[in-house]
Amino acid sequence: MEKSRNICILAHCFINANSKVEGPCRYKGVLKPLTYALIERDYGIIQLPCPELTFYGMRRWGHVRNQFDNPYFRNHCRKLLNPIILQIKEYIANDYKIKYIIGVNGSPSCGIDVSCVSNTWKGEITKIESIDTLKRDITYDKVPGIYMDEFMKMLKEENIEIDFLGINEKDIDNYDFDKLL
Ligand code: SF4
């Protein structure tokens, strides 16, 4: 049997929802419609490390992009992505195709087309008078999350072109994977 020679790179939590911030989640373990679509099309799957879990652990709060937009978190992202870049280079050099890097739209780290942004989401949590007021400051801006931003830059530095695909988990049942993948 011939290998498919086609690979997709996935944000960690698409196949392990347990890595997400504590609280309600849209799926229990694996985002099945996306993962099944990849399996049916014989893609090999590379799972990215989760940058937030490996920086803050499981007791982290939900953050916004502005909080991660600092040299420490960006450096952390680069360290995680370095071995992935090496894998990508090796696959491409040997006639394998990396079809997509698939991220989580809305995430401050893994968003592709949009990520959640707020300039006021910071400070001593016990001194915050109204969480509702803070929540109203959050917007979903057309910028990638910090992890994906660094990934895009690192690929550019290596002159590698791979398409990024942002998935909005809320709309997962409305995607036409026959057209997308
Ligand atoms: S940082 Fe990325 S991989 Fe980790 S839980 Fe958030 S969206 Fe998923």
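So, His-12: leaving aside neighbours within four places in sequence, His-12 is in contact with Ser-19, Gln-47, Leu-48, Pro-49 and Cys-50, where contact means heavy atoms within 4.5 Å. Keep in mind that this is a predicted model, where local features need pLDDT of at least 70 and side-chain atom pairs count only at pLDDT 80 or more, while totals for chains, interfaces and linings use all residues. Residues are numbered from 1 along each chain as its sequence is written, and side-chain values use heavy atoms, with hydrogens and water left out.

Back to our histidine. Is His-12 buried or exposed? His-12 has a relative accessible area of 16%, so it counts as buried (under 20%; exposed is over 50%, partly exposed in between, with a 1.4 Å probe and protein chains only). A polar atom of the His-12 side chain lies 3.1 Å from the backbone oxygen of Leu-48.

Now the ligand. The residues around the ligand include His-12, Cys-13, Ser-19, Lys-20 and Cys-50, each with a heavy atom within 4 Å of it. That shell divides into five nonpolar, four polar and three charged residues. For the classes, Ala, Val, Leu, Ile, Met, Phe, Trp, Tyr, Cys and Pro count as nonpolar, Asp, Glu, Lys and Arg as charged, and the others, Gly among them, as polar.

Last stop, Met-152. With a relative accessible area of 26%, Met-152 is partly exposed. Again skipping neighbours within four places in sequence, Met-152 is in contact with Ile-112, Pro-144 and Phe-164. Met-152 and Asp-141 are 11 residues apart in sequence, and 17 Å apart in space, C-alpha to C-alpha.

How values were computed:
A polar contact is a pair of N or O atoms within 3.5 Å; within protein, one must be able to donate a hydrogen and the other to accept it, and residues adjacent in sequence count only if both atoms are side-chain atoms.
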